Amino acid sequence: MILSSLVGGLAYAFYSYELRSVVSWVLEQEMAGVDLRTVMIEEHLDRVDTDLSILKDVAQIRKYATTGNKDQLEGVQELFMAFIRENEVYDQIRLLDAKGMELVRVNRNSGLPVAVGADQLQFKGLRYYFKDTALLRPGEVYVSPMDLNIEQGKVEIPFKPMIRFGVPLYDENYELSCVLIINYMADRLLGLLRKTGQLTQGQTMLVNRDGYWLLAPDVEDQWGFMFPERTNRRFSRRFPQYWDAIQNSERGQIIKGNVLISFTTIKPLRDEFLWSPGSSAPFGESQGVLNAQDYYWKLISFVSNTHKYEQSYEEFLNYFAKGAVGAASVALLALGVSFLTMRNRFYQMCGRCDLQISFHDYESFSTLLQETVRKCRDEERRSALIVVRFEDFENLIGDYGFELANDILLQVVVRVRSILPEEAVLSRTDSNELGVLLEQIKNRDEGERLIAACRQVLTEPFVSKGDRFTPEIHVGLAIFPEDGETAVQLKAAARIGKPLVSD
């Protein structure tokens with residue numbers, strides 16, 4: 001009886017410690033995921049300011065804005081079309097006169113930019129974003145809230161989330177001559193959040209400063225401020241018990257009952273930006289121009305099933321009570337718990353990235369690769385294997401610790417996943433290696449385009465704990481059957497990848 005009590009007590013202590021470790025790991029990874037996505041959003045919007053600064057200083061645009069010379073119209077249209085063609089994140093570029101009448105408008109037109117004819121140009125003098133931009137001084141930049149695009153006085157269907165950036169253009173007498181406005185397609189940001197949200201356990205939400213959903217698990221909850229019948233659909237009304245803490249804190253975590261909420265505040269604008277809360281009505285008035293620090297969103301990761309840890313704890317106690325008939329059964333149970341503890345320690349020390357990114361473990365990924373090769377051989381079609389090898393992983397662990405190296409590896413995964421098709425299977429195939437399997441591919445050119453996209457997103461430096469790193473990363477491609485007719489041959493061919501060359 002004494003031996004049974006002693007072994008049972010040790011098993012109880014081991015399990016309690018492991019339970020706290022798992023919960024702590026979930027808390028850590030949810031907060032890390034929120035912070036990482038915040039940095040990605042801020043980097044995306046930072047590029048818009050650079051593009052707008054380049055456009056507003058183009059001599060051809062400024063000359064046309066001040067003179068209105070019709071001979072220069074075609075040149076400005078061609079410049080706008082080239083700009084949209086090279087920058088896929090913009091839907092429209094417009095140049096409006098001092099009263100709000102469009103002088104030039106170029107639409108993306110599904111990737112084939114077109115300049116709108118003179119008979120289709122619209123008067124935008126009553127829209128809040130024009131009136132607020134026209135009030136700015138030289139050097140200031142206007143940013144609208146993220147909302148839905150409105151055409152001809154109605155919300156455009158299908159929905160097109162937009163953020164409008166505008167700058168006033170002044171003549172040599174410091175009189176307002178024109179307003180330059182570009183429409184940024186915010187659905188690119190929302191799509192990125194949806195994709196990267198798969199890497200954490202929580203549901204990803206983006207909420208504006210008034211508590212309305214811009215991104216929600218239920219699409220019917222989104223854009224409540226744009227429609228009178230949806231005004232009650234907002235995070236702040238459905239979850240008032242959490243909203244006060246979220247609104248009044250820059251970042252943090254809330255644990256109540258079976259709910260875990262991790263949140264942070266995204267402030268994507270530079271100090272020279274100004275903005276207004278806008279208006280949901282087509283010709284409504286805004287509430288005036290505000291400074292950049294008041295422009296923010298709340299990024300939230302919402303986990304609603306944390307009771308599963310307590311439930312597993314209770315199940316363990318019940319099982320332990322039934323198995324505690326004799327010292328032998330208790331000893332075997334303690335041995336099992338010790339084995340699980342050691343296994344989890346191994347994952348935490350050597351393979352924690354598997355728990356974050358791997359949709360398939362090593363064995364299942366290898367089995368899937370072999371099965372894909374067999375199907376491709378029978379059906380006479382191509383497949384592709386991409387290998388991304390992180391050469392500096394062990395050196396980073398030795399120099400900076402496992403947490404920093406793992407954080408950079410997670411950033412590598414997020415960047416690679418952002419350019420992959422949804423059907424691609426991603427797995428860690430070695431301690432410092434990621435494998436991407438495309439079960440069907442048209443030709444080598446398609447694979448080469450993916451390789452080029454991978455290299456492009458991985459050449460930018462990685463940021464962790466305030467420091468920038470440019471690790472050595474190799475990316476390789478193997479196509480079945482040209483580069484190999486077995487899984488082993490494809491792996492060997494894909495591992496002969498070229499190192500990335502950083503800027």
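Start with a charge and a ring: the charged end of Arg415 sits over the ring of Phe462, at 4.0 Å from its centre. Keep in mind as you look around that this is a predicted model.

**Charges over rings**
- Besides Arg415 over Phe462, you can find Arg230 lying over the face of Phe227. Arg230 is 5.0 Å from the centre of that ring.

**The pair Tyr90 and Tyr184**
- How are the rings of Tyr90 and Tyr184 arranged? Their centres are 6.3 Å apart and their planes meet at 70°, so this pair is edge-to-face; the cut-off for that label is an angle over 60 degrees.
- Tyr90 belongs to strand 1 (residues 90–97), while Tyr184 belongs to strand 9 (residues 176–185), so the pair ties together parts that are 94 residues apart in sequence.
- Are these two residues buried or exposed? Both Tyr90 and Tyr184 are buried.

**The pair Tyr128 and Tyr129**
- The rings of Tyr128 and Tyr129 have centres 5.6 Å apart and planes at 80°, so they too form an edge-to-face pair.
- Tyr128 has a relative accessibility of 1%, so it counts as buried, because the cut-off is under 20%.
- Tyr129 is also buried, and its relative accessible area is 2%.

**An aromatic cluster**
- Which residues form one aromatic cluster? Look for Trp213, Phe235, Phe239, Tyr242, Trp243 and Phe302, which form it together.

Technical notes: Residues are numbered from 1 along each chain as its sequence is written. This is a predicted model: local features need pLDDT of at least 70, side-chain atom pairs count only at pLDDT 80 or more; totals for chains, interfaces and linings use all residues. Side-chain values use heavy atoms; hydrogens and water are left out. Rings of Phe, Tyr and Trp (its six-membered ring) pair if their centres lie within 6.5 Å; planes under 30 degrees apart count as stacked, over 60 as edge-to-face and the rest as tilted. Helices (H or I, at least four residues) and strands (E, at least two) are DSSP runs, numbered from the N terminus. Buried means under 20% relative accessible area, exposed over 50%, partly exposed in between (1.4 Å probe, protein chains only). A charge sits over a ring if NZ of Lys or CZ of Arg is within 6 Å of the ring centre and within 35 degrees of the ring normal.
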